[in-house]
Amino acid sequence: MVSSRSAATARSQSAALRRRGPVLERAILEAALEQLSTVGWSGLTMEGVAAGAQTGKAAVYRRWPSKEDLVADALQAGLPTLDEAPDHGSVREDLYELCRLVRDAMYSRPGFALRSVLHECDAASAERFHGLILKGVIEPSYRLFGDVVKRGIRRGDVRPDATGVLICDVIPALMMFRSKVCGSEWTDGEIAEMIDQVMVPLVRSHTG
């Protein structure tokens, strides 16, 4: 006699096998992100992704012929979108809130997945993701930090020449270094210290 638990499991497996189109593709992309965020680029396999999505390996290969193709689409679909810089009336508060948003993105599942790609894959594979990282991460970050600085210049609390590329590099560089090398998870207090001790003195108006 088939138990109720066995019957439920069979129904679940049958439903998983019947998935088609966008529903199945989404499940595969989610499974790829899960693999990247837990076992990393080196540990990700097409077989593991298929198992995580509760589908067959052939269903994965039909849509993505290589690991690189699958990961590129998974990252593109999963990366959080930062559309607008916070506006609280001061450069200090704006930078603080923006850094918290960036921190939350870094420690999201897509954020962990992206970092595994950045730090683990070889040069040839990394080249495959260069455009994705540029358009999905670097350019939006520069734009938002630049928006905060330019707004501060208009208010008069940021010096007019604080618009160089290196200034926009400071926060992402510190956050990535402390995260990867020092293991810092960037608490709110650490973010506040970075803003107060590094960024505000760096961009502050000489007359402010």
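Helices (H or I, at least four residues) and strands (E, at least two) are DSSP runs, numbered from the N terminus. The protein chain described here is a predicted model, in which local features need pLDDT of at least 70 and side-chain atom pairs count only at pLDDT 80 or more, while totals for chains, interfaces and linings use all residues. Residues are numbered from 1 along each chain as its sequence is written, and side-chain values use heavy atoms, with hydrogens and water left out. The secondary structure comes to 11 helices and zero strands.

**Overall fold and confidence**

- From the N terminus on, the elements of the protein chain run α-α-α-α-α-α-α-α-α-α-α.
- Of the 208 residues of the protein chain, 39% count as buried; buried means under 20% relative accessible area, exposed over 50%, and partly exposed in between (1.4 Å probe, protein chains only).
- Among contacts between residues at least 6 apart in sequence, 72% join residues at least 24 apart, where contact means heavy atoms within 4.5 Å.
- The chain averages a pLDDT of 84, and 89% of its residues score at least 70; pLDDT is the predictor's confidence in each residue, from 0 to 100.
- Where pLDDT is low, the predicted coordinates should not be read in detail.

**Nonpolar cores**

- A nonpolar core is a set of buried Ala, Val, Leu, Ile, Met, Phe, Trp, Tyr and Cys residues joined through side-chain atoms within 4.5 Å.
- The largest nonpolar core has 30 residues, and those with the most contacts inside it are Ile28, Leu70, Val71, Leu75, Val117 and Phe129.
- Two or more residues of this core come from each of helix H2 (21-43), helix H3 (46-52), helix H4 (57-63), helix H5 (67-78), helix H7 (109-120) and helix H9 (130-155).
- Helix H2 gives the most to this core, with nine residues.
- A second, separate core has 26 residues, including Leu95, Ile195, Met199 and Val200.
- Leucine 75 touches Leu33, Pro110, Ala113, Leu114, Val117 and Leu132, not counting residues up to four places away in sequence.

**Pocket and cavity**

- On a 1 Å grid over the protein atoms alone, a cavity is a set of points where a 1.4 Å probe fits but cannot get out, and a pocket is an open set with protein on both sides within 12 Å along at least five of seven lines; lining residues have an atom within 4 Å of a point.
- Grid points are joined across faces, edges and corners, and a volume is the space filled by probe spheres set on the points.
- The largest pocket has a volume of about 700 Å³.
- Of the 29 residues that line the largest pocket, Leu114, Gly136, Val137, Ile138 and Ser141 are the closest to its centre.
- H9 gives the most to the lining of the largest pocket, with 10 residues, and H5, helix H6 (91-106), H7, H9 and H10 each supply at least two.
- The lining of the largest pocket divides into 21 nonpolar, five polar and three charged residues; Ala, Val, Leu, Ile, Met, Phe, Trp, Tyr, Cys and Pro count as nonpolar, Asp, Glu, Lys and Arg as charged, and the others, Gly among them, as polar.
- The count comes to one cavity of 30 Å³ or more.
- Phe145, Val149, Ile167, Cys168, Ile171 and Met199 line the largest cavity, and these lining residues divide into six nonpolar, no polar and no charged.
- Helix H10 (165-180) gives the most to the lining of the largest cavity, with three residues.

**Individual residues**

- Glutamine 35 lies in helix H2 and is buried, with a relative accessible area of 17%.
- Glutamine 35 touches Gly40, Gly43, Leu44, Thr45, Gly48 and Val49, not counting residues up to four places away in sequence.
- Glutamine 54 is found in the loop between H3 and H4; its phi is near 55°, a positive value in a residue other than glycine.
- Glutamine 54 is partly exposed, with a relative accessible area of 49%.
- Tryptophan 186 has its place in the loop between H10 and helix H11 (188-203); the phi of tryptophan 186 is near 55°, a positive value in a residue other than glycine.
- Tryptophan 186 is buried, with a relative accessible area of 2%.
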